[in-house]
Structures are given as structure tokens and as C-alpha cells.
Amino acid sequence: MRKGFLVVLAILLTLSGCEGKNNAGDNKISDAETIEYATSLSEEGASSEHVSSSEDSSLSATEASTDASSMSNTTPTTNAELYELFMKKWKEGMVMSLYPYASDTLKAILGPDEFQYMFCNTFYSITGVFEEVQKEETIVSGNTEIHKGTLIFVDDMEEMDFELSLSNVQITGFYCDLRFKEARLGTTRENPSIVSNYFLLESGDYQLNAAYVQAPEREDAPIVVFLPGSGPADFNETIGILPTFQDLAMGLAKKGISSLRFEKRTYRYASEWKNTDGLEEEYFQELDAAIKWLEKWHPSNKIWLLGHSMGANIAAEYATRYPVQGMILWNGSARHLAEIAADQYGEQAPAVSELYHQMAENAKKVTKDSADGTNYFTCSDYYWASYNELDTIASIKKAKISTLILNSLLDRQLFEADRELWKEELGKEDFVTIRVFDDQSHFGYKIDAATSSYYQLTDFPEELVDEMVTFITK
């Protein structure tokens, strides 16, 4: 399983851990996938949207000429020479000068700033620059070379596998997978008072990248546990190059709220996912481990759950199992996931919409006793049998704790029916607050996923953070 922060190929729907691929956190970018780009939307893992504006897609002629001139003494003429130059610049944290060597396809989705950010900012903010490269190997196929290796960092607390694809002396593909080896403390350049504890969350036989962000000068701060949506996800729930949960965690910390986030098992250990696995293996076992970690290290802090997309369904169920203080259900739905999938697929292929909705009905009827391994929307019916035991509305009413439901009119992964169901079922409950924004994507950013790109750098909306903080602290 190749993992990391980025995916170019957009897909219709990525459901949970069923196939262990095509996830929002996969740092894998390539020409082949970009060429196959579809304009479809995703419940969770449609990990990019295409950008074709000249403003975002390339350097100006003057800038490109300047960059090319600055490298005139070391201009590579072979893929091998380009690789050597790239590794030199990468170690210096200055890959923007290599943007002219990006293929036209990559330039179509990455501007120079995004190109630099993809290779450096995502993990350098944690690790710093790497010290050396180990386990290097090269796979040659015609005019294409795939260079593999493992980055070793100065403090030896992390390591990162990578693959860099080069073709005809152009950069055409990239993926990386950062792994924590032991716990470390780190601060951000933007706000040194915010300390993040990066560590491995132990969950049975599994070790998962995790981060605890401490609100400055507030040992007793409320703690929010983040639950990502369907599909394999890294601990930042990265979409494109945007680190959703990291941005949210920093925003909350600045306003006095601590948080814990961790990657999903289906991201780190996708090859071990079994056809008969369900929500316990995908979510609840790791959530139990996260709560135990908090009980050990922060036993007196109040705990809140924040479920994003399908994570909202998980948060509602878990609130009936464990006495959390409250929960935030962000861009989720109480409708059955198979119904949402059918609507998404049907929207893209109206001629066969009826078939998708029939598939959804079949998925909704599966039980543990009837499951036999049949797949619906890429998921085994054993998984659907597990999912069918959820009743989000009933769980919210049973837990009866402070609940904030957040949606947006610009969320292209959900529908009006999803927003209306919240109002119909919970609008009169005094412990429930419902808020609908009008300008945020499924992942919170002010990007219209139908026309814009998760590969353009943008700030996480402060008003969304403020809404959460006000709810938690009121």
C-alpha cells in the first residue's frame, strides 16, 4: 500500500477501508492518474479536482526563464541527472527552482508555491530537512525512471519512504509515506507556543501515526478527538495538499482547545484488511486506544468528539458507549451511506441511476447472517452488515449530550436531503445546535470542489473554527 499525502485521480466514491486505496491522504501524484481525471465528486476520497487556470498552472515566462538560467550550470540532460539535482534541492528545502522541470500535466494542477509545499512544507514542519537517503533503487522502463528511497532525518525519530517518477527529463509523479519511529515534541514556526506531541498510537498489534496538540498555557483545556470520514486517511485527513485536521487543530489550539488526531488502520495497514472486517476494525478499536491514551496522559480533561463526514456517524455511536462531554458532527449525514453513494453515482451516470439505487437497497438489507462476500460500491456485504447496525439519529437521542451539527451549502459530496434530515429529526431538540454555512467545501475550505482545486493553498476558515470553539466553551 502506498501512502502519504496526495492523490490526483478523482473517483466517484471511496468507502471506508473496503479496498484500502484511493484515499484522501495518499501522497501519490502522477501524469497517468491526472490524465484519467474525472469531474466526479467523492464522499470522502475524491482527492483532487482539476485546475486549468493559467494563474495556477505555471510560472510566468520571465520566472521560468530566470529559474532555468539560475540552473544553467547544472542543467540535467538525463533522468538520472535530474534526480541528482532534485535530491540536492530537496535536501536544501528549495525545490521551487525545479518547477520548470515539472510536466505540463503536473503544472496544470500545481502552481510553483503548491509544488514547493508538496515536497517540503507538509512534513518539513515536523521533521526539518533530511540528513541522508537510504535504500535507494531505480526502476527503468523506456524513457521513465522511478527512483525510490527512504529519507533519514537528523533526530532519527521519523523516516519517510518516497518514489519520484521522471520521464524525458521531467518530473511526472511522486508519493511519500512519513512514519514516526518514536514520540517527539514539535512547535510550529507560525506559533511557537503551540506544542504538538507526535507519537505512535498503540492499538493492539497496530502502531499508527498520531498527534496531540496542546492549547498554549492550558493544561485543563477541553480535548477534541478527531474522527475522519470514509476511506483510508492519514492523521491530517489530507485532501490534495491541504492538511484538513492539522489546520483545524492549529486553529482550535490558538483559541484554547487541545486535540488528538490519528491515522486510520485502513491507511497504514491496508494489506491486512480482511473481507469480513467492519466498523470495529476500521474505527472503534483505534478510538478505544485513543481514549485510553487520553485517560493515561490527560485524565482530568473533558473530552469531545469531532466526526467529519462518515466520522459523524461513528462519533454518534461512540457517544452511546463512552461518556464524552459533547460532539461536533461536521459535514456528515444521518442518511444511509449507500443512499448517498447511489445519489453520487447516479448524478454522474443518470442513465443507470436506477441500478445504483437498487444496489443501495441491497446493501441496506444485509445482516451478519445474510452476508456472503458480495460487494456493493466496492465494499463487502460483511462491511455493510456492520454499518447497518448504526442508527445515527437514535444514537444522538440516546446519548443526549451537547451536539453541534455543521453543514455547508457548497458541500458537493452531500445533498439537500442530508441537511433537511438533520432538521426534521433533531431541529427541536434543545441539546442540538444546527448551523449551515454557505461557502465551505466538504473539507471546510472555501473551495468549490466542482470548479476549483484542493491543490491550491488556502487558509482554513476562521469562522468555522470560531463556531466550534463557541460551542465547546459556552
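Analyst: Let's begin with a term: a polar contact is a pair of N or O atoms within 3.5 Å, where, inside a protein, one atom must be able to donate a hydrogen and the other to accept it. Please keep in mind that this is a predicted model.

With that term in hand, let's look at Glu159. Its side chain and that of Arg179 are joined by a polar contact of 2.3 Å. Glu159 belongs to strand β4, which covers residues 158-167. Is Glu159 buried or exposed? Its relative accessible area is 17%, and buried means under 20%, so Glu159 counts as buried. Leaving aside residues up to four places away in sequence, Glu159 touches Thr150, Leu151, Ile152 and Phe153, and also Asp177, Leu178, Arg179 and Lys181.

Now for the surroundings. The protein chain contains 16 helices and 18 strands. Of its 474 residues, 61% count as buried, and Glu159 is one of the buried residues. The accessible surface of the chain comes to about 18,700 Å², with 47% of that belonging to carbon and sulfur atoms. Among contacts between residues at least 6 apart in sequence, 67% join residues at least 24 apart.

Elsewhere in the chain you can find an open sheet of 9 strands with mixed pairing, in the order β6-β7-β8-β12-β9-β13-β14-β17-β18. Its edge strands, each pairing on one side only, are β6 (184-187) and β18 (432-437). On average, neighbouring strands of this sheet are turned by 20° against each other, direction ignored. Strands of a sheet pair through backbone hydrogen bonds, in either a parallel or an antiparallel way. Here, β14 (residues 326-330) and β17 (residues 402-408) pair in the parallel sense over 5 bridges. To find this pairing on your screen, look for Met327, whose bridge partner in β17 is Thr403.

One more stop is Met250, in helix α7 (residues 244-254). With a relative accessible area of 12%, Met250 is buried. The C-alpha atoms of Met250 and Gln214 are separated by 9.3 Å, while the two residues are 36 residues apart along the chain.

Notes
Residues numbered from 1 in each chain as written. Predicted model: local features only at pLDDT ≥ 70, side-chain atom pairs only at ≥ 80, totals over all residues. Heavy atoms only, no water. Helix = DSSP H or I, 4+ residues; strand = E, 2+ residues; numbered from the N terminus. Buried < 20%, exposed > 50% of the residue type's maximum accessible area, 1.4 Å probe, protein only. Contact = heavy atoms within 4.5 Å. Areas by Shrake-Rupley, 256 points an atom, 1.4 Å probe, with all protein chains shown as cover. Pairing = 2+ DSSP bridges. Axes fitted to C-alpha atoms, helices over the stretch in contact; angles between N-to-C directions.
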